[in-house]
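Dear colleague,

Please find below the structure I promised to hand over. My notes on it follow, and I would be glad if you read them beside the coordinates.

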Amino acid sequence: MNIYDRLSELNITLPPVATPAAAYVPFVQTGNLVFLSGHIAKKDGKAWVGQLGLNMTTDEAKLAARAVAIDLLGTLHAAVGDLNTIKRIVKVMSLVNSTSTFTEQHLVTNGCSALIGEIFGDKGAHARSAFGVAQLPMGSCVEIELIAEVA
């Protein structure tokens, strides 16, 4: 399965790597592992603002997490040059901007995880953590980072 053909079937165009907003780099490769910095959800080029349990639904935040997955794949493509060289998506860590009573961070994160599975198949099955946090940069509703293994 060619990853780019699969992206095309899903009508997904990979974005360019975003310029970091602070003192970090978008990715680091050590050995066969590529670590992607956290990517915040964006809508119309700006932070997708919202707090789960206050002014955003789980379904809306799932869409935001899916959008983050697309941005992550754009960065991963820039890091490795060819997504077909990805041996495995190893880990996804998701931070969800939530009130103290919101408990569906795992469902929000499914927006990212499900898309990765659709694109990479068995290579996309990954370990994962999903956390609720009090706030994220620029008020974003979700931030996700990813670790991948390159063949």
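Helices (H or I, at least four residues) and strands (E, at least two) are DSSP runs, numbered from the N terminus. This is a predicted model, in which local features need pLDDT of at least 70 and side-chain atom pairs count only at pLDDT 80 or more, while totals for chains, interfaces and linings use all residues. Residues are numbered from 1 along each chain as its sequence is written, and side-chain values use heavy atoms, with hydrogens and water left out.

With those terms in place, β2, β4 (46–47) and α2 (58–80) each supply at least two residues of the lining of the largest pocket, and β2 gives the most, with four residues. A pocket here is an open set of points on a 1 Å grid over the protein atoms alone, where a 1.4 Å probe fits, with protein on both sides within 12 Å along at least five of seven lines, and lining residues have an atom within 4 Å of a point. Of the 23 residues that line the largest pocket, Tyr24, Gly38, His39, Ile40 and Lys42 lie nearest its centre.

Strand β2 (residues 33–40) also runs antiparallel to β7, joined to it by six bridges (two strands pair if DSSP finds at least two bridges between them). Within that pairing, Val34 has Ala148 of β7 as its bridge partner. Strand β5 (residues 86–97) pairs with β7 as well, in the antiparallel sense and over nine bridges, and there Ile89 stands opposite Ala148.

With best wishes
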